Amino acid sequence: MSLEHEFFLVPNTVSYQELMGSNERNPDIIDSIDLPDDLIQYIADSLNWITCKNPAKSMTREVKGINYYGVTLFDQTSAATMKSIFTAWYSLFSNSPEKLELTGGFVASYKKNIWGEYERLIFIRDDVLELLERLLSMIGRLKEENLFLYHLGI
């Protein structure tokens, strides 16, 4: 089982505490999606360009990039940049072969005369594109309907 990052689209009236405090399916959640951690790590540098908030610390202070291990709040001010970045990744990945192979992080090896190698990340292109389409749809609603998009890190 791989690690995943959860994204929840909710009305802007739902607080961080309300979202985190529900053990059952929260009726305020409009839409949700899980993105694989390997994909998030691959595109992580570009996510550092997005203005957002860390609701565990402050609902008013803006920061850049996702809170990898915690909660990130995206609002209308985040939407344009998010849409642009995820649209660019969608466009790039749409040109890949059906078997989307990416280079992951460096993994140390304890084999004789081998220092390590880069991990190979393998996805099915159409599965990744479908995830990005769904996320882009949520981002579009975030921009138009004055909603919040929460990211729950690993």
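Colleague: How much of the contact total in the protein chain comes from residues 24 or more positions apart?
Modeller: First the idea: a contact means heavy atoms within 4.5 Å. Among contacts in the protein chain with a separation of 6 or more, 64% join residues 24 or more positions apart. Keep in mind that this is a predicted model, where local features need pLDDT of at least 70 and side-chain atom pairs pLDDT 80 or more, while totals for chains, interfaces and linings use all residues. Residues are numbered from 1 along each chain as its sequence is written, and side-chain values use heavy atoms, leaving out hydrogens and water.

Colleague: Which elements does the protein chain run through, starting at the N terminus?
Modeller: Helices (H or I, at least four residues) and strands (E, at least two) are DSSP runs, numbered from the N terminus. Here you get 4 helices and 8 strands, in the order β-α-β-α-β-β-β-α-β-β-α-β. The C-alpha trace spans about 55 × 30 × 30 Å along its principal axes.

Colleague: What share of the 154 residues is buried?
Modeller: Buried means under 20% relative accessible area, exposed means over 50%, and partly exposed is in between (1.4 Å probe, protein chains only). Buried residues come to 43% of the 154 in the protein chain. For the surface, areas come from the Shrake-Rupley method with a 1.4 Å probe, and for residues only the protein chains shown count as cover.

Colleague: How do I read a helix, say H3? What is its reach from first C-alpha to last?
Modeller: Take 1.5 Å times one less than the number of residues, and you have the expected span. H3 has 18 residues and reaches 26 Å, close to the 26 Å expected.

Colleague: Where in H3 is the kink centred?
Modeller: A bend at a residue is the angle between axes fitted to the seven residues ending there and the seven starting there. In H3 there is a kink of about 25°, centred on Met82. Met82 is also one of the buried residues of H3, along with Ser78, Ala79, Ile85, Phe86, Trp89 and Phe93. Those buried residues pack against helix H2 (37-47), S3, S5, S6, H4 and S8.

Colleague: Now salt bridges: how many does the structure hold?
Modeller: Side chains of opposite charge can pair when their charged atoms come close. The cut-off is a side-chain nitrogen of Lys or Arg within 4 Å of a carboxyl oxygen of Asp or Glu. The structure holds 6 of them. In one, Lys53 meets Asp75 at 2.7 Å, N to O. Lys53 lies in strand S3 (residues 51-53) and Asp75 in the loop between strand S5 (71-74) and helix H3 (76-93), so the pair ties together parts 22 residues apart in sequence. Lys53 is buried at 12% relative accessible area, and Asp75 is buried at 12% too.

Colleague: Which residue does Glu101 form a salt bridge with?
Modeller: Arg120, with the closest N and O atoms 4.0 Å apart. This pair links distant parts of the chain: Glu101 is in strand S6 (residues 99-108) and Arg120 in strand S7 (residues 116-124), 19 residues apart. Glu101 is partly exposed at 39%, as is Arg120 at 45%.

Colleague: How far apart in helix H4 are Glu145 and Arg141?
Modeller: They are 4 residues apart, so about one helical turn separates them. Their side chains meet in a salt bridge at 3.0 Å, N to O.

Colleague: Last one: which residues make the nonpolar surface patch?
Modeller: Patches use residues with over 30% relative accessible area and no salt bridge, joining like charges within 9 Å and nonpolar side chains (Val, Leu, Ile, Met, Phe, Trp, Tyr) within 5 Å. Leu3, Tyr69 and Ile154 make a nonpolar one of about 330 Å². Ile154 is in the segment after strand S8 (147-152) and counts as partly exposed at 32%.
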